[in-house]
Amino acid sequence: MNNVDGLDDFLTKLGTGKWNYLFFATSAAVPGVLPIYLIGSEFLNSVTSFSCAVPDDNRTLPLNGSQCEMVERDSTGHEQIVPCEEWIYDTSLFHSTVAMEWNLVCDKARLASLFQTIYTAGGFMGAMVAGMAADRYGRRWCIRTGTLFTICFTIALVFSPWFWLVVVARFFLGVFNTIMVGPAFIISMEICNPSLRPTVGIFLALPYALMMIGIAGIAYCIRDWRILQAVASWPCLVILVLMYLIDESPRWLIVKGRLDEAIIVLQRAVRLNQPNFALDVDVRSVVHSIYQKQNETKTQKTQNEQNESGTSLRLPSTKTQDSMSARGGTEPSLSRSPNALGLDDGIGPWWAAPVALLRTKIIRKVTLVLVTVWLLQGVVYLGLPLSSSSFSSPFLYMALLGAFEIPAYSLTAPITKRIGRKSVVTTCLMTSGALLLSVAGFLLYHITNEWLHICIVMISYLLVCTAYQVNFLYAPELFPTTLRPLGSAACTLSAYVGFSIPPFITYYTYGNDLAWVSAAVFGSCAIVAGLLVFLLPETNGRNLAETVADLVNRLEEEENLQSNGNGTQPVSHLTYGSDGDSFNKSRVSTISGTYCNAGYT
């Protein structure tokens, strides 16, 4: 059974078994780590009610109405106002928090917000590093590195005797949490049976929602921030074990030309999933065939671009590959051959990878639209929890948020698989935006109904969470394998920019007559994001593109088929524009809507 048409076809025939489950378990444990770091500051750093601790020395008196100052009387009876040096905290809700331990109140109150913002800053830095690291060193390397450093800095955080060390640990936790999140999701998508990709992609986020509810319960039982941080970080130990049981992504290995490693990985997959499958397939031949098809596609595209760009790509000779395969050997030039791909795929000088996201017309369109959508949905995703302050119990509030996220992730899996990613994202974002605009109208005309407001906000949060999770599947599918980590990292980076905006909006608008402005801004962001998704292609039921050439071919073929008004007619000798997307395709056959050509794997 060597007539395998690409890696997706190979994975389909291989089926889903123990080899895949190891990846799924690892990728599911990673989002389970995040809640205690991303939103756990509500429990770890909460500032409870406090009052100035006035010394009982008959010389110091409390200052009426002040929590930060007291009156001090000298020996002559002269009184002066001095700042408090110690405070008494209400420990009925929390016994110990970061703010209570280091007295982050009054003139130090600005340092309390640093606990959360420094983590976001670390996530911003991690997003910039994650894409390039996953592309250069591999998806598994990012998971391992992120996990090990997360454990190290968590230990430093829990046992820190200094606030500055807490800040440093939080920053690097943001960095390394982000470095492992994107690659963990990508690696499961790249080894998954294509038919299960929508379901797996959606359900991988469930641990995050479940852990939100779990943290609410743990925090209710543990009111000391150090113990809570240590206990709630337990998913790190699960990843620590699993990360040594998974392989590197065979898709990434093939694209990088590391064929020997890809062969070993897929042979292990065969042993774990279907031992009898090995009798019918020569994994070595399949891997070399996939790699050769990728290079053939790139060669054809390059021949039409060399005169314009002056770029020359060094591709291994097909005859050399055939002769080496005939002798049963492996061509040395293919063990590490990044030059088999060009600048369009981010291979070349140090600047090639980030520039590749904007270099060609189609990639530029996909990148700019996705980055904008992720920024806008990030504003809404974080803005809604910040604006829903009606719950007196933080434990109940966290549990409700987690409960509303569960249907957002679980129920959308079959829907997304049936009607596609694009329709779900657009519908959820635009409906959420319309609901939030209705809230803005209620507030503008002083129609106050607390529970109605809460219900609308929670439904909006449910819809935004749904769109957010589907986008975690949708965005990696839109980028080719060569740019998938970097493109996903750009989306994550944009989301962190979006996360930094809501605090400024809510700070200046909530609690006064401008409260409606926040709802209007969040609603408008959701609607604009939903409209932008219309500019993107659907990926449901499509194989993952491996290179930029694959993506260009696919989108141009779809446009040609749509213009012909027939999804079953063959298209030949397609000619594309001269803006960096030029490419002549000699033959494309279309069978029942599935595109089969030399560039698809």
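# A guided tour, starting from the rings

A search of the whole structure finds 21 aromatic pairs, where Phe, Tyr and Trp rings (for Trp, the six-membered one) pair if their centres lie within 6.5 Å. Before you start clicking, note that this is a predicted model, in which local features need pLDDT of at least 70 and side-chain atom pairs count only at pLDDT 80 or more, while totals for chains, interfaces and linings use all residues. Residues are numbered from 1 along each chain as its sequence is written, and side-chain values use heavy atoms, with hydrogens and water left out.

**Stop 1: two ring pairs**

Select F43 and F94. Their ring centres are 6.4 Å apart and their planes meet at 50°, so the pair is tilted; planes under 30 degrees apart would count as stacked, over 60 as edge-to-face, and the rest are tilted. The pair links distant parts of the chain, 51 residues apart: F43 belongs to helix α4 (residues 41-44), and F94 to the loop between β5 (87-89) and α5 (98-101). Helices (H or I, at least four residues) and strands (E, at least two) are DSSP runs, numbered from the N terminus. Are F43 and F94 buried or exposed? Both are buried, a word that stands for under 20% relative accessible area, with exposed meaning over 50% and partly exposed in between (1.4 Å probe, protein chains only).

Next, select F50 and Y89. This pair is also tilted, because the ring centres are 6.1 Å apart and the planes are at 45°. F50 lies in strand β1 (residues 50-52) and Y89 in strand β5, so the pair ties together parts that are 39 residues apart in sequence. F50 counts as buried at 14% relative accessibility, and Y89 is buried with a relative accessible area of 14%.

**Stop 2**

Now select W374, Y381, Y461, Y468, Y496 and F499 together: ring pairs link them into a cluster.

For arginines over ring faces, start with R170, which lies over the face of F115 at 4.1 Å from the ring centre. Then move to R223, which lies over the face of Y220 at 5.0 Å from the ring centre. A charge sits over a ring if NZ of Lys or CZ of Arg is within 6 Å of the ring centre and within 35 degrees of the ring normal.

**Stop 2: helix α19 and two partners**

The axes are lines fitted to C-alpha atoms, for helices over the stretch in contact, and angles run from 0 to 180 degrees between N-to-C directions. The crossing of α10 and α19 is left-handed, meaning that the near helix is turned anticlockwise from the far one by less than a right angle, with clockwise giving right-handed. Among the residues that meet here are L206, M212, A216 and Y220 in α10, and F395, G402, I406 and S410 in α19.

The axes of α19 and α22 come within 8 Å and cross at roughly 50°. These helices are therefore oblique to each other, and their crossing is right-handed. Residues meeting across this pair include Y397, L400, F404 and A408 in α19, and M458, Y461, L462 and C465 in α22.

**Stop 3: N471, inside α22**

Stay with α22 and select N471, which lies in this helix. N471 counts as buried, at 1% relative accessibility. Which residues touch N471, leaving aside its neighbours within four places in sequence? They are V373, W374, Q377, V425 and P476, contact meaning heavy atoms within 4.5 Å.

**Stop 4: two positive phi angles**

Go to the loop between α5 and α6 (109-137), where N103 is found. Phi of N103 is near 50°, a positive value in a residue other than glycine. N103 is partly exposed, with a relative accessible area of 21%. C106 is found in the loop between α5 and α6 too, and has a positive phi of about 55° although it is not a glycine.

**Last stop: V286, then the whole view**

Select V286 in helix α15 (residues 283-309); at 3% relative accessibility, V286 counts as buried. V286 and F10 are 276 residues apart in sequence and 8.3 Å apart in space, C-alpha to C-alpha.

Finally, zoom out. The secondary structure comes to 26 helices and nine strands, and buried residues make up 54% of the 601 residues. Of the contacts with a separation of 6 or more, 76% are between residues 24 or more positions apart.

Methods. Angles under 35 degrees count as roughly parallel, over 145 as roughly antiparallel, 65 to 115 as roughly perpendicular and the rest as oblique.
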